[in-house]
Amino acid sequence: MDNITKVSVYEEPFPLAVIKGGLSKIDMQMYLRELHLLNDNMLDGRDSNREVLEDGTPIKRNKGIFLDTVYTEPHFSDILEISNRRLGEYLSLVHEEAKDSNWFFKYLNTCSVKTTLAYYEEGDYYKAHKDLALLTAITWVYEEPKRFKGGDLIFPDHDLTVEVDNNTTVIFPGCIPHQVSEVSMLDSKDKGKGLGRYAMVQFGNVDNA
């Protein structure tokens, strides 16, 4: 993949891969076009997760949609077609980069993937949580120039933050607690226009073969 700019694989404090520049310019255009079409149909994040913190605060505030329930076949969605193909390519690159130094990525072999889209803008967040999937892959996409701040991926148990960056994918075990820092728009006129932080999240079940 000529458009990949950097693949970084870490073993400590837990298996983590960061792929920058994985989507081509055409991929990005197709993603953003579909994201904007889907934005108005996204549900309040609290409808998909009603968990609350001890003080009654919802564990998350954002908008989201499960792509696998929207499309009967992946080929109806540019995002699903591209993302499913890219994830396989990413895992091959990560496997090569990790070689024998990282047990998690050494044995990864994706067998099924579910995909959700999440959108964050003014005041949106996701408090610390775990995913049920063995593998979580998050790809960030947003309109340039960047019109928001926040939205970083935080691993609170390990005091580790991965700053949100356009066209970047982060892959890690879903059982590792993670959260999204609160997002705020840089200009109030950009609110409600789909100019915030999009995250395409792929939840994978894997074979350790």
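Biologist: What makes Asp 190 and Arg 147 a salt bridge?

Modeller: In this predicted model, the N to O separation between the two side chains is 4.0 Å. The rule asks for a Lys or Arg side-chain nitrogen within 4 Å of an Asp or Glu carboxyl oxygen, so a pair at that value gets the name.

Biologist: And where do Asp 190 and Arg 147 sit in the chain?

Modeller: Asp 190 is in the loop between strand S14 (184-185) and strand S15 (197-206), while Arg 147 is in the loop between S8 and S9, so the bridge ties together parts 43 residues apart in sequence.

Biologist: Why is Asp 190 called buried?

Modeller: Because its relative accessible area is 7%, and buried means under 20%.

Biologist: How many salt bridges turn up in the whole structure?

Modeller: The search finds 7. One of them pairs Asp 165 with Lys 20, with 3.0 Å between the closest N and O atoms. That pair links distant parts of the chain: Asp 165 is in the loop between S11 and S12, Lys 20 is in strand S2, and they are 145 residues apart.

Biologist: Why are Asp 165 and Lys 20 called partly exposed?

Modeller: Asp 165 has 31% relative accessibility and Lys 20 has 28%. Partly exposed covers what lies between buried, under 20%, and exposed, over 50%, so both get that label.

Biologist: What about Glu 89 and Arg 86; where do they lie?

Modeller: Both are in helix H3 (residues 78-98), 3 residues apart, which is about one turn of the helix. Arg 86 counts as buried because its relative accessibility is 10%, whereas Glu 89, at 25%, counts as partly exposed.

Biologist: Which residues of H1 are buried?

Modeller: Asp 27, Met 28, Tyr 31, Leu 32, Glu 34, Leu 35, Leu 38 and Asn 39.

Biologist: What makes Asp 159 stand out in its backbone?

Modeller: Asp 159 has a positive phi, about 50 degrees, although it is not a glycine. You'll find Asp 159 in the loop between strand S10 (153-155) and strand S11 (160-162).

Biologist: Is Asp 159 buried or exposed?

Modeller: Exposed: its relative accessible area is 75%, and the label needs over 50%.

Biologist: What is the phi of Asn 167, and where does this residue lie?

Modeller: Its phi is positive too, about 60 degrees, and again the residue is not a glycine. Asn 167 lies in the loop between S11 and strand S12 (168-173). With a relative accessible area of 13%, Asn 167 is buried, because the value falls under 20%.

Biologist: Which kind of peptide bond joins Glu 12 to Pro 13, cis or trans?

Modeller: Cis, with omega near 5 degrees. Pro 13 is in the loop between strand S1 (6-10) and strand S2 (16-20). A cis peptide bond also joins Glu 144 and Pro 145, where omega is about -5 degrees. Pro 145 sits in the loop between strand S8 (135-141) and strand S9 (148-149).

Methods. Residues are numbered from 1 along each chain as its sequence is written. This is a predicted model: local features need pLDDT of at least 70, side-chain atom pairs count only at pLDDT 80 or more; totals for chains, interfaces and linings use all residues. Side-chain values use heavy atoms; hydrogens and water are left out. Helices (H or I, at least four residues) and strands (E, at least two) are DSSP runs, numbered from the N terminus. Buried means under 20% relative accessible area, exposed over 50%, partly exposed in between (1.4 Å probe, protein chains only).
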